[in-house]
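Happy to walk through this one with you. Let's take a helix and then the pockets, question by question.

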Amino acid sequence: MTTERGAAECWLTDMDGVLVHEGQALPGAAEFLARLVERERRFLVLTNNSIFTPRDLAARLARSGLQVPEASIWTSALATADFLATQLPGGSAYVIGEAGLTTALYEAGYTLTDTGPDFVVLGETRTYSFEAITRAIRLIDGGARFIATNPDVTGPSPEGSLPATGSVAALITAATGAKPYFVGKPNPMMFRSAMNRIEAHSETTVMIGDRMDTDVVAGIEAGLDTILVLTGSTTAAQVAQFPFRPSRVLDSIADVVDLV
């Protein structure tokens with residue numbers, strides 16, 4: 001893809017709705033990833049899901065036929081750990097979340113504790129505990145600062161929607177009056193930390209996503225060229241409802257291959 005600002009050297013792409021859907025690779029995804037490698041483009045696959053480690057996600061993608069090294073996966077958990085490590089190096093946190101989040105914080109040099117932590121960090125989990133939420137509320141009341149990996153209020157499951165990080169954050173906010181700082185999309189902070197990871201510059205980086213209200217708006221705010229693909233959340237008819245526009249709207253990731 002060549003823009004007015006020059007050729008795209010680096011690529012950020014959302015995962016669900018762009019590369020995969022319900023565990024199945026979307027048409028063109030394998031070819032797109034192969035083209036990035038062939039052209040020696042730096043890239044990261046992004047997800048707001050903080051449950052899984054990059055190793056877990058690489059294995060899940062491999063089962064769907066997509067080869068993505070774990071070093072090329074950037075999650076809201078990694079972005080949160082990166083943010084906290086710059087804000088308060090060697091700090092402490094009380095964490096509600098799964099291995100993706102606890103591992104990222106541990107590897108960033110954080111101490112995980114339920115006694116006098118610097119931060120309460122809320123991420124995605126499939127087993128929200130009333131006791132854990134109560135503990136988080138009391139720690140925030142006691143002065144801990146409130147961070148959440150992402151603002152998504154629901155997540156998908158085969159049976160229907162599940163309450164997600166944003167819903168539980170709202171519960172804690174209602175109880176404490178404290179609003180969390182959300183690190184993941186649509187906060188452009190997540191894209192900036194991803195670009196730092198691969199030494200990318202906004203002028204020559206493209207973001208591909210399937211949601212206008214997270215991927216595209218955050219990409220625009222981070223100064224990136226943006227591509228919306230219509231294989232996920234946002235339909236072609238909905239694009240005009242937003243007060244901002246992606247650089248391109250394409251049917252699927254298959255249409256992006258020739259732009260790399």
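Q: How far apart are the end C-alpha atoms of helix H6 (residues 165-176)?
A: Helices are DSSP runs of H or I of at least four residues, and strands are E runs of at least two, numbered from the N terminus. The expected span is 1.5 Å times one less than the number of residues. The 12 residues of H6 should therefore span 16 Å, and its end C-alpha atoms agree, being apart by 16 Å.

Q: Which residues of H6 are buried?
A: This is a predicted model, where local features need pLDDT of at least 70, side-chain atom pairs count only at pLDDT 80 or more, and totals for chains, interfaces and linings use all residues. Residues are numbered from 1 along each chain as its sequence is written, and side-chain values use heavy atoms, with hydrogens and water left out. Buried means under 20% relative accessible area (1.4 Å probe, protein chains only), and in H6 the buried residues are Thr-165, Gly-166, Val-168, Ala-169, Ile-172 and Thr-173.

Q: What is the phi of Gly-177?
A: Gly-177 follows H6. Its phi is positive, near 80°.

Q: Which element gives the most to the lining of the second largest pocket?
A: Two elements, H2 and helix H4 (99-107), each give two or more residues to this lining. The largest share, 4 residues, comes from H4.

Methods:
Buried < 20%, exposed > 50% of the residue type's maximum accessible area, 1.4 Å probe, protein only.
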